[in-house]
Amino acid sequence: MAEELIISTSTLKDERYQMLLPQIKELVNGEPDLIANLSNIAAALKQSFNFFWVGFYLVKENQLVLGPFQGPIACTRIDFGKGVCGTAWKERKSILVPDVNKFPGHIACSSASKSEIVLPAFKNNDVALVLDVDSDVLNDFNSIDQKALEEIMRIIESVL
Ligand code: SME
């Protein structure tokens, strides 16, 4: 595995993701421990984009439970169908929220969070975990983030 993350100097999101994706593949390659892999992925995303909050919630029995993350402390448990994370779990799809105040039932772990994107990863056709990325800027995520972060979810599925 790489000793040091190489971060693109480009100001273009797409180029930054294109440099990050192969390194994420390399980071998890051959490592079977899920928590170790999710921890490094959260750190790599934080280092590359300095997201306000980036981390994982894992499906455990009938709730999402906080997993590896980078950022301020967060809610530990989220119910099925609740908040953006629980909705992504229920609807089995990525959810991009340009303005969290306009998302009914949004769970405000931090009042500084303004926009958010949540993406599920599947195991045996069930949602196994979600990636949640929060920004303190409105409308901070777009289809470039969604496409690249979905690729990261597919990498995670390959080691789930
Ligand atoms: N805002 C999320 C809760 C998790 S925190 O933002 C880290 C939600 O509505 O599900």
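Predicted model: local features only at pLDDT ≥ 70, side-chain atom pairs only at ≥ 80, totals over all residues.
Q: Is Ser-48 buried or exposed, and what is its relative accessibility?
A: Ser-48 has 5% relative accessibility, so it counts as buried. Leaving aside neighbours within four places in sequence, Ser-48 is in contact with Leu-5, Ile-7, Arg-16 and Leu-20.

Q: What span should helix H2 have, at 1.5 Å a residue?
A: H2 covers residues 34-49, and its 16 residues should span 22 Å; the end C-alpha atoms are 22 Å apart, which agrees.

Q: How do H1 and H2 pack, and at what angle?
A: The angle between H1 and H2 is about 155°, and their axes are 11 Å apart. Angles over 145 degrees count as roughly antiparallel, so H1 is roughly antiparallel to H2. Their crossing is right-handed. On the H1 side the residues that meet H2 include Arg-16, Tyr-17, Leu-20 and Ile-24; among those in H2 that meet H1 are Ile-41, Ala-44, Leu-45 and Ser-48.

Q: Which residue caps the N-terminal end of H2, and what comes just after the helix?
A: The cap is Asp-33, with a side-chain oxygen 3.1 Å from the backbone nitrogen of Ile-35. Just after H2, Asn-50 has a positive phi of about 50°.

Key
Residues numbered from 1 in each chain as written. Heavy atoms only, no water. Helix = DSSP H or I, 4+ residues; strand = E, 2+ residues; numbered from the N terminus. Expected span 1.5 Å × (residues − 1). Polar contact = N/O pair within 3.5 Å; in protein donor to acceptor, adjacent residues only side chain to side chain. Axes fitted to C-alpha atoms, helices over the stretch in contact; angles between N-to-C directions. Parallel < 35°, antiparallel > 145°, perpendicular 65-115°, else oblique. Left-handed = near helix turned anticlockwise from the far one by under 90°. Contact = heavy atoms within 4.5 Å. Buried < 20%, exposed > 50% of the residue type's maximum accessible area, 1.4 Å probe, protein only.
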